[in-house]
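Let's take a walk through this structure together. Have the sequence and the 3D view at hand as you read.

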Amino acid sequence: MLKSTTPTVVGSKTEAKTKHRTFSLNAKDKYYAALFLGPSLLILSVFVFYPMLRTLYISMFLTNTLGKTTVFNGLGNYTDLLGSPEYIASLGSTLVYVFAVTVLTVGIGLLLANLASKRLPGIGIFRTLYSVTMGVSVSVAAIFWLFIFNPSTGFFALLSNLLGLPVINWLTDPTMAMWAVIITTVWMNLGFTFLILLGAISAVPTTLYEAASIEGASERRQFFKITVPMISPTLFFVSTITLIEGFKSFGLIDLITKGGPTNSTNMLVYRIYKDAFYSGNYAQASSEAIILTVIIAFFTFLQFKFLEKRVNY
Amino acid sequence: MNKRLKNSLISLTLIIAAVFVGIFTTNKPVKSSSSSDRTQVVFWHELGGASEDALEEVVNGFNKSQSKYEVVPKYQGSYDEAIQKILQTHGTSTSPAVFQAFDIATAQMIHSKYTTPVQNFIDKDPSFDIEKIAPAARSFYSNGGKQQAMPFNTSQPVLYYNASLLKKYKITPPPVSPTYSDITRVAQQLYERSGHKTKGMTVQIYGWLLEQATTNAGTALANNNNGHTGIPTGIDMDNPSTVKFLEWIHKNIKSGDFINYGSGASAGANQTAGFLAGKVGIFIQSSASIGELTANNKDQLGITYFPHPDGQKANGVSIGGAALWISNDKPKAVQQGAYEFAKYALSPAVQAQWQKSTGYLALNKDSQKEKILKDLYAKNPEAKVPGQQLADAKPNYVNSGILLEGMQVTRQLEEVAMEESYNGGDIHKALKKATKNVNQNITTSNRANGYK
């Protein structure tokens with residue numbers, strides 16, 4: 001970290017050093033480096049690195065009633081978790097949730113952004129409407145959707161009654177509860193995704209579309225052959241962010257389903273919280289946190305490896 | 001240049017310092033304006049809504065009743081989360097002097113050694129007669145012959161039935177202490193005579209109810225006498241008492257008079273709504289629901305004791321709810337103040353008012369002589385039943401709660417077993433699996449805690 005910043009600093013200061021691009025630092029440079037990196041390193045180590053290492057440490061022990069580490073357990077916590085059908089089920093439901101949320105958020109966001117990028121009178125109203133969820137807090141969104149999902153007085157129940165359809169038990173049926181959480185999350189994420197994608201689409205040079213129109217390319221063709229490739233770096237960014245946020249999802253689950261019914265929405269992060277702060281099993285919760293970190297790192301790596309290659313202009 | 005650098009460094013340090021000071025001073029307790037020279041006793045509790053209002057009334061009453069102490073109530077969220085907060089803040093300036101901890105955390109609290117047993121204060125206080133407090137509630141929070149905590153908000157599981165519907169279909173109501181077949185008879189008659197319009201009964205998928213059924217049949221789930229004579233090393237859910245309970249439910253599911261509302265908070269709300277709407281005639285729930293069930297009910301409410309298996313006597317159920325514990329990390333004067341508050345909260349008049357406003361049972365025997373309760377019973381005679389069930393229970397190891405750490409996880413596994421059996425699965429198989437998982441958890445926990 002220190003070294004990579006040196007060439008520019010060195011280059012501007014001393015003539016002699018630039019010749020062989022040495023990585024050694026003189027006293028003043030060290031001073032500068034410490035000055036600029038010190039504060040962030042201090043804060044990062046107190047609030048990020050120490051907790052991370054501590055979590056790793058706790059995950060290799062058993063913790064007692066008081067939450068203190070007592071018996072060294074090696075990888076025992078990890079093997080116990082990976083051998084537990086409940087944990088595997090939790091992992092499975094998290095993957096379903098993250099996949100559905102990412103696909104739907106990016107898909108719908110792209111569709112809306114493409115529509116809103118058209119120059120039409122009054123389009124500003126729609127742009128505002130589509131991005132408005134960015135300003136809604138999680139708790140407000142959760143309460144709003146809880147009203148909609150209410151089996152006797154909610155909007156969906158009233159709609160079903162009006163159409164003579166059976167009322168769906170959104171929050172008590174395990175499968176539907178998963179959908180309820182997915183719908184709410186997508187709705188919450190949409191504002192941000194929409195805004196970013198709209199910005200990207202607006203930045204595509206209009207000359208490309210003009211040329212394509214002269215060539216006789218249809219709108220659909222223009223969308224897939226010009227818009228999508230041109231905004232692919234943004235699409236990549238948005239899907240990575242949505243995926244990571246999906247894995248970390250907590251607030252909505254806590255407020256809407258509390259992980260139920262029958263653990264169907266007990267996603268990894270919520271599980272960590274419950275195991276630590278409900279059951280007081282800090283060792284197991286720490287192991288779960290480490291496994292989650294590995295999973296997120298793996299998916300981010302996959303995205304960089306495969307998606308980034310296809311990101312081109 | 002150097003000077004400027006030095007200046008910027010200094011200002012940066014100052015900013016960082018300011019930020020840290022800002023972060024760490026927000027936890028400072030806010031000074032109460034009325035504190036003056038009273039000793040402050042910080043009280044953590046987990047009651048929200050109407051119960052919180054009633055609790056604040058108790059606190060205000062105590063603060064007005066004397067001038068030595070000032071109890072400061074602080075709401076801490078759910079029961080489960082509060083336990084972790086209490087354990088993790090112990091020994092710091094933020095920790096409470098007296099706190100409310102729920103029934104299934106009793107083993108954790110005793111083993112933590114973070115509390116002073118209330119017995120120590122009771123022994124030095126001739127003005128307090130512990131014999132006045134309901135024995136079943138006392139024994140739940142005592143260990144090694146010592147009262148560890150003061151029982152506070154206490155409930156009992158009872159069986160509710162729709163008395164108006166029974167009358168309408170000319171069904172003989174169940175006796176006060178019914179057997180499983182008494183309830184089955186009523187449920188089936190109700191289902192048949194209503195032309196299948198009203199379901200006979202439901203039992204929520206709730207670990208507490210499975211434990212209570214086992215308790216009422218006289219069987220201890222955990223070994224070492226439910227943990228009262230030593231740290232439990234295992235439990236056995238596949239015992240005749242638990243099996244009889246699930247077989248009883250199976251029988252009713254098969255004959256069609258049983259409706260399953262599932263598990264969790266929404267199941268609880270839905271079954272209450274179903275009962276109030278006359279869609280189901282019988283259900284089992286905490287006695288604390290009695291207020292809700294009388295206030296919003298157009299029908300007459302019937303209440304009986306928790307049912308028990310045929311051909312045997314009921315052992316009596318254990319209590320639910322929470323107790324007041326005194327932290328041992330506070331000065332003697334503060335601990336004494338905490339005890340004085342607990343004692344006040346258990347006094348006859350306070351307990352009578354407490355039962356009226358919350359539905360939790362008055363624990364002081366003398367509360368029954370208070371006008372508030374007499375008026376309550378005159379208006380609604382059924383409200384007497386939970387208190388009678390509590391008074392009838394002769395405490396023994398089986399009905400004094402399960403002194404086992406990790407009860408939260410145990411409950412979850414009990415509920416999985418109930419769910420499997422309700423859905424038609426083999427009872428023994430479901431219970432064996434739950435037993436295996438719970439025992440694995442107990443073994444790990446005992447190893448972590450160094451229990452032999």
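How many salt bridges does the rule find across the interface of domain 1 of chain B and domain 2 of chain B? Before the answer, a word on what you are looking at: this is a predicted model. The domain assignment of chain B gives domain 1 as 39–155 + 320–383 and domain 2 as 157–316 + 406–449. Across their interface, the count of salt bridges is zero. Polar contacts are found there, though, in two residue pairs, both at pLDDT 80 or more.

Let's look at that interface in more detail. The C-alpha centres of the two domains are 28 Å apart, and the contact involves 16 residues from domain 1 of chain B and 14 residues from domain 2 of chain B. Together the two domains bury about 1,200 Å², with 52% of it on carbon and sulfur atoms. On the domain 1 side, B:Ile104, B:Ser155 and B:Glu382 lose the most area, together 43% of what that side buries. By residue type, the domain 1 side of the contact has five nonpolar, eight polar and three charged residues.

Now turn to the interior. In soluble globular proteins, nonpolar side chains tend to be buried together. Here the largest nonpolar core has 108 residues, and B:Val203, B:Phe245, B:Trp248, B:Leu324 and B:Trp325 touch the most other members. Domain 1 and domain 2 of chain B each supply at least three residues to this core. Another core lies apart from it, with 29 residues, including A:Tyr78, A:Val101, A:Leu268 and A:Leu292.

To see one member up close, find B:Val203. Leaving aside residues up to four places away in sequence, B:Val203 touches B:Leu209, B:Phe245, B:Trp248, B:Ile249, B:Phe258, B:Ile284 and B:Tyr422.

Note on methods: Residues are numbered from 1 along each chain as its sequence is written. Chains are lettered from A and ligands numbered from 1 in the order in which they are written. This is a predicted model: local features need pLDDT of at least 70, side-chain atom pairs count only at pLDDT 80 or more; totals for chains, interfaces and linings use all residues. Side-chain values use heavy atoms; hydrogens and water are left out. A nonpolar core is a set of buried Ala, Val, Leu, Ile, Met, Phe, Trp, Tyr and Cys residues joined through side-chain atoms within 4.5 Å. Buried means under 20% relative accessible area, exposed over 50%, partly exposed in between (1.4 Å probe, protein chains only). Domain bounds come from an automatic or database domain assignment. Contact means heavy atoms within 4.5 Å. Buried area is the accessible area (1.4 Å probe) that two parts lose on being put together, summed over both. A salt bridge is a side-chain nitrogen of Lys or Arg within 4 Å of a carboxyl oxygen of Asp or Glu. A polar contact is a pair of N or O atoms within 3.5 Å; within protein, one must be able to donate a hydrogen and the other to accept it, and residues adjacent in sequence count only if both atoms are side-chain atoms. Ala, Val, Leu, Ile, Met, Phe, Trp, Tyr, Cys and Pro count as nonpolar, Asp, Glu, Lys and Arg as charged, and the others, Gly among them, as polar.
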